[in-house]
Amino acid sequence: MKKETFTLYLTALISGILITMFISALVTYMALSDTALFIKVWPVNWFYAALVAFPTILLVRPVATKITTKIANLVYK
């Protein structure tokens, strides 16, 4: 595996883990009426979110890069 490919996958994995950790914590906390359940519910929510996030980041990144390039080309002519 090339270094660039490894870096892409590792960045996507770390981003997915960290982003889903914070978002799932916030959404879980806001959704619970009994916050004492937070530690029991949040890890499961985080696990499912992380499973979805990693492949999504890999799929969305090229599209986001193309959109960003087009917008940057419009702004910086």
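Val-60 is partly exposed, with a relative accessible area of 43%; here buried means under 20% relative accessible area, exposed over 50%, and partly exposed in between, with a 1.4 Å probe and protein chains only. This residue lies in helix H2, where helices are DSSP runs of H or I with at least four residues, strands are runs of E with at least two, and both are numbered from the N terminus. Between the C-alpha atoms of Val-60 and Phe-22, which are 38 residues apart along the chain, the separation is 20 Å.

The model is a predicted one, in which local features need pLDDT of at least 70 and side-chain atom pairs count only at pLDDT 80 or more, while totals for chains, interfaces and linings use all residues. Residues are numbered from 1 along each chain as its sequence is written, and side-chain values use heavy atoms, with hydrogens and water left out.

Turning to the overall picture, the protein has two helices and zero strands. Its radius of gyration is 17 Å, well over the 11 Å that the globule rule gives for 77 residues, so the protein is more spread out than a compact globule. This radius is taken over C-alpha atoms, and the globule rule is 2.2 Å times the number of residues to the power 0.38. Along the principal axes, the C-alpha atoms fill a box of roughly 55 × 35 × 15 Å. Of the 77 residues, 13% count as buried. Contact means heavy atoms within 4.5 Å, and among contacts between residues at least 6 apart in sequence, 53% join residues at least 24 apart.

The next topic is how the helices meet. The axes of H1 (residues 3-31) and H2 (residues 38-75) come within 7 Å and cross at roughly 140°, which makes H1 oblique to H2. Axes are lines fitted to C-alpha atoms, for helices over the stretch in contact, with angles running from 0 to 180 degrees between N-to-C directions; angles under 35 degrees count as roughly parallel, over 145 as roughly antiparallel, 65 to 115 as roughly perpendicular, and the rest as oblique. The residues of the contact of H1 with H2 comprise 18 nonpolar, six polar and one charged. In this grouping, Ala, Val, Leu, Ile, Met, Phe, Trp, Tyr, Cys and Pro are nonpolar, Asp, Glu, Lys and Arg are charged, and the others, Gly among them, are polar.

Thr-28, found in helix H1, counts as buried because its relative accessibility is 4%. Leaving aside neighbours within four places in sequence, Thr-28 is in contact with Phe-38, Val-41, Trp-42 and Asn-45. Phe-38 has its place in helix H2 and, at 17% relative accessibility, counts as buried. Not counting residues up to four places away in sequence, Phe-38 touches Ala-25, Thr-28, Tyr-29, Leu-32 and Pro-43. From Phe-38 to Pro-62, 24 residues away in sequence, the C-alpha to C-alpha distance is 35 Å. Ala-50, also a residue of helix H2, is partly exposed with a relative accessible area of 22%. Ala-50 and Thr-20 are 30 residues apart in sequence, and their C-alpha atoms are 5.8 Å apart in space.
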